[in-house]
Amino acid sequence: MQQKSELPEGWKSVSLGELVQPSKEKIEPSENPNLKYVGLEHIESHKCQIKGYGFSVDIKSTKTMFHRGDVLYGKLRPYLNKVCVPNFDGVCSTDILVFNATSNLNNYCNYSGSLLKATIFPLFEEKLDIN
């Protein structure tokens with residue numbers, strides 16, 4: 001049995017599912033043609049940065065909506081560590097998981113973004129069925 005390590009004062013041990021849940025908020029781009037669009041090609045590997053974006057007017061199919069401060073995680077080829085926290089609202093590729101902030105953690109975006117871009121999470125995520 002694995003022994004739990006001691007946590008700093010004021011911290012508590014919780015499962016990842018208690019902190020984050022993938023968003024199910026979908027949107028038809030044709031209904032909001034001026035939203036910024038983030039695809040995997042717009043997220044820089046290993047850097048937690050967005051290097052550009054398109055617009056929803058240029059895409060056709062249903063996409064996932066995200067909001068400023070959400071954590072975006074590229075689920076395709078997880079070893080590329082495509083994770084970012086946008087400072088704007090928009091839509092993203094369905095190859096990107098959107099994790100909305102919950103009230104359970106004050107520093108959610110910084111913690112979750114760091115966890116998801118850590119080397120171990122992509123290895124673990126490959127074993128999960130996160131769809």
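Mentor: Gladly! The protein has three helices and 10 strands. Keep in mind that this is a predicted model. Starting at the N terminus, the elements come in the order α-β-β-β-β-β-β-β-β-β-β-α-α. The chain counts 131 residues, and 37% of them are buried. If you take the contacts between residues at least 6 apart in sequence, 67% of them join residues at least 24 apart. The protein exposes about 8,500 Å², with carbon and sulfur atoms supplying 50% of that area.

Now let us zoom in on strand E7, which covers residues 71-74. In a regular strand, side chains alternate between the two faces of the sheet. You can follow this in E7: Val71 and Tyr73 point one way, while Leu72 and Gly74 point the other way. Which of these residues are buried? Val71, Leu72, Tyr73 and Gly74 all are.

Next, look at the partners of this strand. E7 is joined to strand E10, residues 96-99, by four bridges, and the two run antiparallel. Within that pairing, tyrosine 73 sits opposite leucine 97 of E10. E7 also pairs with strand E8, residues 83-84, through two bridges, again in the antiparallel sense. Here leucine 72 faces cysteine 84 in E8.

Between E7 and E8 there is a loop, and arginine 77 lies in it. Arginine 77 has a positive phi of about 50°, although it is not a glycine. Its relative accessibility is 42%, so arginine 77 counts as partly exposed.

Cysteine 84 is in none, and the nearest cysteine sulfur, that of cysteine 48, is 6.6 Å away.

Let us now visit a few loops elsewhere in the chain. Histidine 46 lies in the loop between strand E3 (43-44) and strand E4. Like arginine 77, histidine 46 is not a glycine and yet has a positive phi; for histidine 46 the value is about 65°.

Moving on, tyrosine 53 is found in the loop between E4 (49-50) and E5. At 38% relative accessibility, tyrosine 53 counts as partly exposed. Together with Phe55 and Val57, Tyr53 forms a nonpolar patch on the surface, and the three have about 280 Å² of accessible area together.

Our last stop is aspartate 58, in the loop between strand E5 (54-55) and strand E6 (63-66). Is aspartate 58 buried or exposed? Its relative accessibility is 59%, and since the cut-off for exposed is over 50%, aspartate 58 counts as exposed. Aspartate 58 and asparagine 34 are 24 residues apart along the chain, and their C-alpha atoms are separated by 9.5 Å.

To return to where we began: the residues of E7 are all buried, and the strand pairs with E10 as well as with E8.

Technical notes:
Residues numbered from 1 in each chain as written. Predicted model: local features only at pLDDT ≥ 70, side-chain atom pairs only at ≥ 80, totals over all residues. Heavy atoms only, no water. Buried < 20%, exposed > 50% of the residue type's maximum accessible area, 1.4 Å probe, protein only. Pairing = 2+ DSSP bridges. Patch = residues over 30% accessible without salt bridge, like charges linked within 9 Å, V, L, I, M, F, W, Y side chains within 5 Å. Areas by Shrake-Rupley, 256 points an atom, 1.4 Å probe, with all protein chains shown as cover. Salt bridge = Lys/Arg side-chain N within 4 Å of Asp/Glu carboxyl O. Contact = heavy atoms within 4.5 Å. Disulfide = S-S within 2.5 Å.
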